[in-house]
Amino acid sequence: MKSKIPDILIFSRLIIGFIIIGLSLLKIENYQIITVILLSIGLLTDIFDGIIARHLNVSTQKLRRLDSTVDQIFFISVGVAVYIMCPEFFEANAFKIIILVGAEALIYLVSFLKFRKEVATHSIGAKIWTLLLFGTLIQVILQCQSVILFNLCFWVGLLTRAEIIAILFILKTWTNDVPSVFHSIQLRKGKVIKKSKIFNS
């Protein structure tokens, strides 16, 4: 049963994403606060599913791919919900949001064209960006605006998307959990890379 904990955490994130959309539509009392709490729980499941999987020695390639796919669905769900809550923020920042979404889509396009698989690099830069995205989403949910944090999220997002694309081009074969461009170069040379037991499998 313990071996199923990572799967449960991953799929719970999927359910949380759909609940958040429901809250944005129903607009029950204090729905913004409830949304922030659910978003926080979702982030925690994203952090601990990998840590627990590695601790239980069940961190397979299939699980990491599933984790990446559910991450995308989760944040898309949250994005849809936030748009329903605060459409004016999206209208004011439409250009940057489109660029950011396009950069994210480009990652998947490159990965599918080269490896016929979705991306699952789980780079350190991407993890940092996720935290910035998390903070930005909370600010928008509560205030329907974000300037400094959103712009930081935008530029870091572009840089980390560019790094992931570089990693994909450098790798000879599809590999999950590649911390950085440096590590992808090491892998291309046939070397074994050192990964963190906490952050990477």
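Ile 148 lies in helix 7; helices here are DSSP runs of H or I with at least four residues, numbered from the N terminus. Ile 148 counts as exposed because its relative accessibility is 73%. For the classes, buried means under 20% relative accessible area, exposed means over 50%, and partly exposed is in between, with a 1.4 Å probe and protein chains only. From Ile 148 to Ser 180 there are 32 residues along the chain, and their C-alpha atoms are separated by 26 Å.

Before going on, the conditions. This is a predicted model, in which local features need pLDDT of at least 70 and side-chain atom pairs count only at pLDDT 80 or more, while totals for chains, interfaces and linings use all residues. Residues are numbered from 1 along each chain as its sequence is written, and side-chain values use heavy atoms, with hydrogens and water left out.

Back to helix 7. It has 23 residues and spans 33 Å from its first C-alpha to its last, close to the expected 33 Å at 1.5 Å a residue; the expected span is 1.5 Å times one less than the number of residues. Its buried residues include Phe 150, Cys 153, Phe 154, Arg 161 and Leu 168. What do the buried residues of helix 7 pack against? They pack against helix 4 (87–92), helix 5 (94–115), helix 6 and helix 8 (181–188), where contact means heavy atoms within 4.5 Å.

Now the pair of helix 6 and helix 7. The axes of helix 6 (residues 124–143) and helix 7 (residues 148–170) come within 9 Å and cross at roughly 155 degrees. That makes the two helices roughly antiparallel. Axes are lines fitted to C-alpha atoms, for helices over the stretch in contact, with angles from 0 to 180 degrees between N-to-C directions. Angles under 35 degrees count as roughly parallel, over 145 as roughly antiparallel, 65 to 115 as roughly perpendicular, and the rest as oblique. The crossing of helix 6 and helix 7 is left-handed, that is, the near helix is turned anticlockwise from the far one by less than a right angle. Among the residues making the contact are Trp 129 and Leu 133 of helix 6, and Val 156 and Ile 164 of helix 7. By class, this contact has 10 nonpolar, six polar and two charged residues. Ala, Val, Leu, Ile, Met, Phe, Trp, Tyr, Cys and Pro count as nonpolar, Asp, Glu, Lys and Arg as charged, and the others, Gly among them, as polar.

Two loop residues next. Gln 145 is in the loop between helix 6 and helix 7, and is partly exposed at 48% relative accessible area. Not counting residues up to four places away in sequence, Gln 145 touches Phe 89, Gln 139 and Val 140. Thr 121 sits in the loop between helix 5 and helix 6. Is Thr 121 buried or exposed? Thr 121 counts as buried, at 4% relative accessibility. With the sequence neighbours up to four places away left out, Thr 121 touches Ile 164, Ile 167, Leu 168, Asp 177 and Val 178.

Last, helix 1. Helix 1 and helix 3 (residues 61–85) pack at about 10 degrees, with axes 8 Å apart, and are therefore roughly parallel. Their contact has 19 nonpolar, three polar and four charged residues. Ile 20 is in helix 1 (residues 5–26) and counts as buried at 1% relative accessibility.
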